[in-house]
Every structure is written in C-alpha cells, then in structure tokens.
Amino acid sequence: MKKVHIKSFGCQMNVYDGQRMADILGEQGFEETPTPEGADLILLNTCHIRDRAVQKVYTELGKLRDIKTAQKAQGQDTRIVVAGCVAQAEGAEIQRRQPAVDLVVGPQAYHRLPELLEQAQRRRTVDTDLPIDDKFGHLPAPKPAAIRARGISAFVTVQEGCDKFCAFCVVPYTRGAEFSRPVAQIMAEIERLAASGVQDVTLIGQNVNAYHGEGSDGRAWGLARSMHRVAEVQGIHRIRYSTSHPNDMDDDLIAAHRDLPQVMPFLHLPVQAGSDRILSAMNRKHTADEYRRLIERVRQARPDIALSSDFIVGFPGESDADFEETIRLVDEIGFASSYSFKYSPRPGTPAADLREQVPLGVMDERLQRLQARIEHHRQAFNHAMVGRTVEVLLERAGRHPRQLAGKTPYLQAVQIETETNQIGDRVQVVIERAGSNSLFGRKAGEPDTPSQNPAMLDPAARDPANKDLAA
Ligand code: 5AD
Ligand code: SF4
C-alpha cells in the first residue's frame with residue numbers, strides 16, 4: 001500500500017478537511033502514516049490566519065524537501081502537496097519559494113485530489129478555484145474503521161466561509177463566501193458517525209451560527225433548528241458548535257441551550273476586544289455592552305454555561321485605555337477559557353493598510369497581561385468544580401496505566417483512575433482536584449481510597465501528561 005502523511009495546522013476545520021482528504025486518498029489505495037519519512041505522499045494542510053502560521057509552513061516545507069531528496073536517492077518518489085488556506089492565498093508563489101512542492105490545492109478544490117495528483121505527475125499543478133459546486137457532495141463517506149480509529153468525538157463541518165469581513169481577518173478571502181451544507185447531507189454524515197460509535201459531535205464553521213442550510217421542507221434552516229434534528233440521532237449524546245459571531249446568536253439558538261439536553265453548556269463566542277472604538281475599527285458591528293447583554297441572555301437560558309472567547313491585542317490604534325476595556329470585559333464575564341493573539345497584519349485585509357500600528361513591545365506586554373487574567377479565570381472556573389459530581393464522557397486511555405481521560409460538559413479535561421476499560425462510557429465523576437491543565441476525580445460511588453498509582457500522586461509526573469489533553 002502507498003503511504004500518505006497528512007499534517008494539519010490551524011483550526012478545527014483543517015482537522016476535518018485533513019480527515020476527509022485521508023478518506024479520499026484511502027479510496028486511492030493510500031494508508032496514513034504518522035511520520036513524513038517513508039511516505040509516498042506528504043500533505044500539509046495549512047493555516048493563513050496569522051503570519052506566524054504561514055512562516056511555519058515554509059519552515060516545514062524546507063524539511064520536507066530534504067526528505068524528498070533523501071528518498072529520491074534511495075529510489076523512492078515522494079510527492080509534496082500544500083493544501084488549505086496558505087495554498088488558497090499564495091497559490092503558485094508557494095512553488096516559486098519551494099520548488100519541491102508538486103501540487104497546491106485550495107480548501108474548496110480538494111475533492112478533486114485524485115485527478116489533480118494525476119496531473120501533478122506530469123507538471124506542477126495549482127488549483128485554488130473557489131467554485132460554487134458542492135465539494136461536500138463529492139467527498140466519499142468515511143469507512144467505519146476510519147471513524148472508529150478517530151475516536152468517539154468528531155468534528156462535522158456544516159458551514160464554510162464568512163461574509164462578516166472583520167477588518168483584520170483573511171477568512172472571507174481564503175474560504176470565500178458563506179456556504180451552508182444542506183441539513184439532509186449533515187444528518188447522513190452524523191448518522192454514519194453515530195453508527196460507528198461517535199457520541200460527541202462539534203458542528204463547525206468559520207461563522208457557524210450564521211448557518212442557514214436547506215432543510216427537509218426546502219427552506220433555509222437555522223443552526224438551532226438543525227441541532228434539534230441532530231439531537232434526535234440515536235447515540236449522539238453531546239453536541240457543540242464553533243465558531244460563532246455575537247450578531248448571529250439568535251433567540252432560537254439561545255433557547256436550544258435551555259431546551260436540548262444534548263447541547264453542551266459551553267459556548268465559544270469571540271468578542272476580540274472590549275473597547276467600542278476598537279470594535280468599530282475592527283468592523284465587528286457590535287459594542288462591548290451589546291456583547292455583555294447577549295451573555296446575560298445566554299446565562300439566563302443556561303446559568304451554568306461555560307464561556308470562551310478569542311481576543312486580539314494591539315489592533316492598529318489600540319490605546320492603553322482601549323486595552324483596559326478588554327481587561328475589564330474579561331474580568332466581568334469570567335471566561336472559562338480563551339485564546340488570545342497579537343494582531344498580525346494580513347495582506348489584502350483593510351486593517352493591514354492602517355497606519356497606527358502598535359509597537360511590538362507594547363503588544364507583548366498587553367498579551368502577557370491579558371493571558372494572566374484569562375488564566376486566572378480559567379483556574380477559578382476549574383477550581384470551582386472541586387467537590388462537584390459531573391458527567392464525564394471517557395474518551396481515551398490516559399498517559400499512565402489505569403488512567404482514563406475524558407471531558408466534562410464544560411469541555412474540561414478530566415482524568416480518572418480505574419481498573420477497567422470504560423472508554424465510551426458516560427460516568428458520574430466526583431472532582432477531587434484541579435491540576436493546571438486537567439481535573440482529577442473518581443467515579444461516583446467508588447471508594448475514596450488513596451491511589452496506588454504513583455503517577456496520580458506525584459505532581460511532577462502528572463502535569464506534563466495533562467498538557468496533551470488541554471482543549
Ligand atoms: N491577527 C491576529 N489574530 C487574528 N485572528 C484572526 N485574524 C487575526 C489577525 N490578523 C484571531 C481572531 C479569530 C481567531 C480565529 O484568530 O481572534 O477569532
Ligand atoms: Fe474572520 Fe470570524 Fe470576522 Fe468572519 S466573523 S471575518 S471568520 S473573525
């Protein structure tokens with residue numbers, strides 16, 4: 001069998017796309033291999049969201065060129081494919097900078113991988129069309145064995161692209177206009193996943209709560225209505241969705257958090273900044289107070305909901321006072337977790353032309369302060385779990401013998417110690433301790449005996465193990 005190595009950078013959608021490319025290539029007789037060495041085909045699924053992500057791709061390509069050259073000397077042909085958002089944004093420029101690349105394929109064209117690979121055998125090929133034809137309709141369904149190998153939690157892309165045009169963001173250019181998959185197609189995919197043991201699905205899209213796919217009555221259905229259908233699928237116990245824009249958080253979606261037990265009490269709702277002046281310059285089209293009121297309504301529907309956000313520091317023109325507004329918002333809301341980034345000017349976006357760029361040193365300082373506040377609230381949220389009993393979906397073996405790892409409804413990683421393999425079970429766990437990246441507990445009803453497992457007793461052995469599980 002031919003071997004393919006797929007490496008995905010960036011967001012959850014790239015993870016999903018990587019799996020779908022593995023499914024397509026599986027039909028072409030490729031099996032996946034965890035390392036690039038020895039692979040016949042190496043595929044980088046790239047991210048263009050910040051400049052650092054792009055630079056990583058070129059560094060990686062340099063290493064892959066060396067592997068290709070070394071394998072050539074041994075008589076093995078290696079083909080290198082660049083897929084994803086850098087492929088879309090930079091196209092043929094990638095092959096100019098790294099001639100070892102055989103094929104550049106954008107995120108809307110990868111369903112044509114087999115024919116493009118064929119073509120790339122004859123000449124270097126670039127396909128970065130943003131076609132209107134439905135890529136999803138052309139993708140092969142994953143095989144039961146592939147689904148099982150990927151575990152009991154799965155991502156399902158339901159929406160792609162974005163029409164919001166935030167001033168800093170490349171997504172509307174790399175992924176194109178908003179597109180929503182029809183409900184029937186999504187249901188077929190989720191039913192297939194559930195039949196092979198998937199219990200936990202995250203519906204993903206660049207702006208997923210703007211979802212408006214064709215429903216069974218031929219009309220556009222919103223995300224909430226579609227989630228009601230997903231909740232009916234036998235075996236699907238947990239539903240999440242990511243990523244959302246505050247302005248698309250409609251009443252039905254908020255009500256779904258109250259009415260559907262399968263919809264988890266977790267919401268990733270990026271706000272980006274706390275200053276109205278900056279929010280306006282970012283073209284976010286909402287104020288900080290509108291965001292606060294929205295969060296209040298979500299909390300009324302589901303008081304225990306865990307919230308998370310993305311933040312950008314150092315957007316052009318951000319003053320100290322503007323930044324303090326971000327800190328104030330973070331302290332008021334008390335996010336369970338958040339991502340934060342230094343602003344990175346992206347070619348072709350409106351913000352890249354703004355003159356008042358914030359000095360790097362100032363950005364560094366602000367990022368550090370913001371991250372400290374985010375971490376403070378994350379720890380507070382996790383410590384508040386100690387002593388509570390929560391449902392944990394056990395997903396995989398822990399790093400140490402007799403440990404199993406799973407997640408709470410609030411997306412916190414949990415480790416329990418147990419003698420039996422209960423992967424796939426939803427168990428009630430008494431949380432006993434909060435580590436820096438995981439919670440630790442025991443199954444409710446099991447005796448609270450001192451642990452015999454040194455890994456559970458020694459904090460030094462414990463913490464590095466948990467890093468892998470951080471969401
Ligand atoms: N610079 C820094 N961060 C960015 N993001 C998007 N574009 C940029 C940029 N140019 C962040 C936003 C978004 C997350 C996915 O990445 O916070 O929500
Ligand atoms: Fe980018 Fe999200 Fe804004 Fe769309 S809503 S432009 S994906 S940051």
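The shell around ligand 1 has five nonpolar, four charged and two polar residues. The model is predicted.

**Ligand 1 shell**
- Ile49, Arg50, Phe168, Gln272, Asp310, Ile312, Phe341, Lys342, Tyr343, Ser344 and Arg346 surround ligand 1.
- Two strands each supply at least two residues of this shell: strand 15 (306-313) and strand 16 (337-342).

- Arg50 places a polar side-chain atom 2.9 Å from an oxygen atom of ligand 1.
- Phe168 uses its backbone: an N or O atom there lies 3.0 Å from a nitrogen atom of the ligand.
- Ser344 also contributes a backbone N or O atom, 2.7 Å from a nitrogen atom of ligand 1.
- Ligand 1 exposes 400 Å² when taken alone, and the protein buries 87% of that.

**Strand 3: burial**
- Why is strand 3 (residues 41-46) largely enclosed by the rest of the structure? Six of its six residues are buried, so the strand is largely enclosed.
- Leu41, Leu43 and Asn45 point one way from strand 3. Ile42, Leu44 and Thr46 point the other way. All are buried.

- Strand 1 (residues 2-8) pairs with strand 3 in the parallel sense, over five bridges. Here Ile6 stands opposite Leu43.
- Strand 4 (residues 79-84) also pairs with strand 3 in the parallel sense, over six bridges. Leu44 stands opposite Val82 in strand 4.
- Strand 3, helix 2 (residues 51-73) and strand 4 form a β-α-β unit, and this unit is right-handed.

Notes: Residues numbered from 1 in each chain as written. Chains lettered and ligands numbered in written order. Predicted model: local features only at pLDDT ≥ 70, side-chain atom pairs only at ≥ 80, totals over all residues. Heavy atoms only, no water. Near = heavy atom within 4 Å. Polar contact = N/O pair within 3.5 Å; in protein donor to acceptor, adjacent residues only side chain to side chain. Areas by Shrake-Rupley, 256 points an atom, 1.4 Å probe, with all protein chains shown as cover. Helix = DSSP H or I, 4+ residues; strand = E, 2+ residues; numbered from the N terminus. Nonpolar A, V, L, I, M, F, W, Y, C, P; charged D, E, K, R; others polar. Buried < 20%, exposed > 50% of the residue type's maximum accessible area, 1.4 Å probe, protein only. Pairing = 2+ DSSP bridges. Right-handed = clockwise from strand over helix to strand, strands pointing away.
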